[in-house]
Amino acid sequence: MKMDVLLGLQWGDEGKGKIVDVLAPQYEVVARFQGGPNAGHTLEFDGIKHVLHQIPSGIFRAQILNIIGNGVVLDPIILKREIEGLGKFSIDYQKNLVVSKKATIIIPTHKLLDAAYEQSKGDKKIGSTLKGIGPTYQDKIGRSALRIGDILSSDFKEKYQTLVEKHKTTLSFYSYPLDKLDEMEAQFFEAVEFVKTLNLIDSEYVVNDALNSNKKILAEGAQGSLLDVDFGSYPFVTSSSTMTAGACTGLGVAPSKIGEVFGIFKAYCTRVGSGPFPTELFDSTGEAMRKEGNEFGSTTGRPRRCGWLDLPALKYSIMINGVTQLFMMKADVLNIFEEIKICTHYVLPSGENIDKLSFEITDLDVKPIYKTMKGWHCSLAEVRSYEEFPTELKDYVSYLESELNVPIRLVSVGPDRVQTILR
């Protein structure tokens, strides 16, 4: 058996949580492989909206084992809060949630460092979620981080204090106040005691044993491909590998064990935070798109920047991930438009037309070249099959498939489970 991977192809917020929930009955294991509480995976069913930040999106299915993998950076406070929030749904998290001992811990001073670094950048802020993600990955790469397995050791507090003292030196350099640290630490150590009661495991063995037992596994990515620390619009990126390759390192699975790669994209584009966005709309059209799509960050609440679909960026993400199937989300948000635009190329300041994401694109002021298509301009709320799609939506899907050379197997026409059309 091979592990399937599901990831976002844009700047995050593509709707991964909903799709994991829809696909989950086909799998016995769902595993998160990177990122942390900067993720916000929204699921909606039975008229209730759920937002998960660190727990895999298969948690609402009792028969599924949910794994928080070694590539994740974990905030014990937020994890405790998330699990407590699941209490009213009678979820047996002791049975179907496990955590890798090799997952890295976000400690309170990581959040303070995140805020200090962002504040020091002035108008060059990258748009951090201020959850401590970047500083935690810095410590991981710098070989000074704490990991979940460390909380079980008798000298954990000494290890913790050593790291905190290192952080305090940096915070002193930035003259960043520590007045909230005592309160944050009290919450942190209370949450650590709670995390000790969870199933803490060597997850790479569990994942590979499951594969060897012919169990179906879905690796759930966070953020999006264009936020990848290597291939995204650096430095306006996240701090982890959001690609298919990140599923291998984030779960301990060999590349030869990767099966289907499901790439999720919105029928348009959004972005939270700073960084290049060639198709961004600054007019009433962009505002209408934001309002219709309720485009506000599920983790931060920030208004998302909105724009038309960007084909060069989408082709790039498909290429570097080896996508085998495409899932198009939020087609219903485009219901309100009589015309729909798709970016096919960029114009560089030199006047040259290109259809690739080059290294320089972060620094250059590129202009999009659009293809215009007729909109369907009707509600999709009651649509339950592809045959019921308006002709204009079918044309939109067909055009994208012809350009991307990957089949679009699923189209989402609303937030609920039942508004997910399989082709």
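Visitor: Why is Arg290 called buried?
Guide: Its relative accessibility is 14% in this predicted model. Buried means under 20%. So Arg290 counts as buried.

Visitor: Where is Arg290 found, and what is it in contact with?
Guide: Arg290 is found in helix H10, residues 284-292. Setting aside neighbours within four places in sequence, Arg290 is in contact with Glu295, Phe296, Pro303, Arg304, Arg305 and Cys306.

Visitor: What makes Glu295 and Lys266 a salt bridge?
Guide: Their side chains meet at 3.0 Å, N to O. The cut-off is 4 Å from a Lys or Arg nitrogen to an Asp or Glu carboxyl oxygen. Therefore the pair of Glu295 and Lys266, at 3.0 Å, is a salt bridge.

Visitor: Which parts does the pair of Glu295 and Lys266 tie together?
Guide: Glu295 lies in the loop between H10 and strand E13 (305-307). Lys266 is in strand E11, residues 258-266. So the pair ties together parts that are 29 residues apart in sequence.

Visitor: Are Glu295 and Lys266 buried or exposed?
Guide: Glu295 has 0% relative accessibility. Lys266 has 1%. Buried means under 20%, so both count as buried.

Visitor: Why are Lys102 and Asp202 called partly exposed?
Guide: Lys102 has a relative accessible area of 30%. Asp202 has 34%. Partly exposed lies between the buried limit of 20% and the exposed limit of 50%. So Lys102 and Asp202 are both partly exposed.

Visitor: What makes Lys168 and Glu165 a salt bridge within a helix?
Guide: Their side chains meet at 3.8 Å, N to O. The limit is 4 Å, so Lys168 and Glu165 form a salt bridge. Both lie in helix H6, three residues apart, about one turn of the helix. An α-helix has 3.6 residues a turn, so residues three or four places apart point the same way.

Visitor: Why do Lys168 and Glu165 count as partly exposed?
Guide: Lys168 has a relative accessible area of 28%. Glu165 is at 40% relative accessibility. Both values fall between 20% and 50%, so both residues are partly exposed.

Visitor: Why is Gln223 called buried?
Guide: Its relative accessible area is 9%. Buried means under 20%, so Gln223 is buried. The place of Gln223 is in the loop between strand E10 (217-220) and helix H9 (244-251). Beyond its neighbours within four places in sequence, Gln223 has contacts including Gly8, Lys16, Asn38 and Thr238.

Visitor: What makes Gln223 and Gln34 a polar contact?
Guide: Their side chains are joined at 3.3 Å. The N or O atoms must lie within 3.5 Å.

Visitor: Which residues of helix H5 are buried, and what covers them?
Guide: In H5, residues 133-141, the buried ones are Ile133, Gly134, Pro135, Thr136, Tyr137 and Asp139. Their cover includes E6, strand E8 (104-105), helix H4 (108-120) and helix H6 (156-173). Just after H5, Arg143 takes a positive phi of about 65°.

Visitor: What is the area buried between domain 1 and domain 2?
Guide: About 2,400 Å², of which carbon and sulfur atoms give 68%. On the domain 1 side, Val73, Pro76 and Ile77 lose the most area to domain 2, together 23% of what that side buries.

Visitor: How many salt bridges and polar pairs are counted between domain 1 and domain 2?
Guide: There are two salt bridges. Residue pairs in polar contact number 10. On the side of domain 1 that touches domain 2, H2 gives the largest share, six residues. By class, that side has 17 nonpolar, 11 polar and four charged residues.

Visitor: What makes Lys111 and Asp75 a salt bridge?
Guide: Their side chains meet at 2.8 Å, N to O. The limit is 4 Å, so the pair of Lys111 and Asp75 is a salt bridge.

Methods: Residues numbered from 1 in each chain as written. Predicted model: local features only at pLDDT ≥ 70, side-chain atom pairs only at ≥ 80, totals over all residues. Heavy atoms only, no water. Buried area = accessible area lost by both parts, 1.4 Å probe. Polar contact = N/O pair within 3.5 Å; in protein donor to acceptor, adjacent residues only side chain to side chain. Helix = DSSP H or I, 4+ residues; strand = E, 2+ residues; numbered from the N terminus. Nonpolar A, V, L, I, M, F, W, Y, C, P; charged D, E, K, R; others polar. Buried < 20%, exposed > 50% of the residue type's maximum accessible area, 1.4 Å probe, protein only. Contact = heavy atoms within 4.5 Å.
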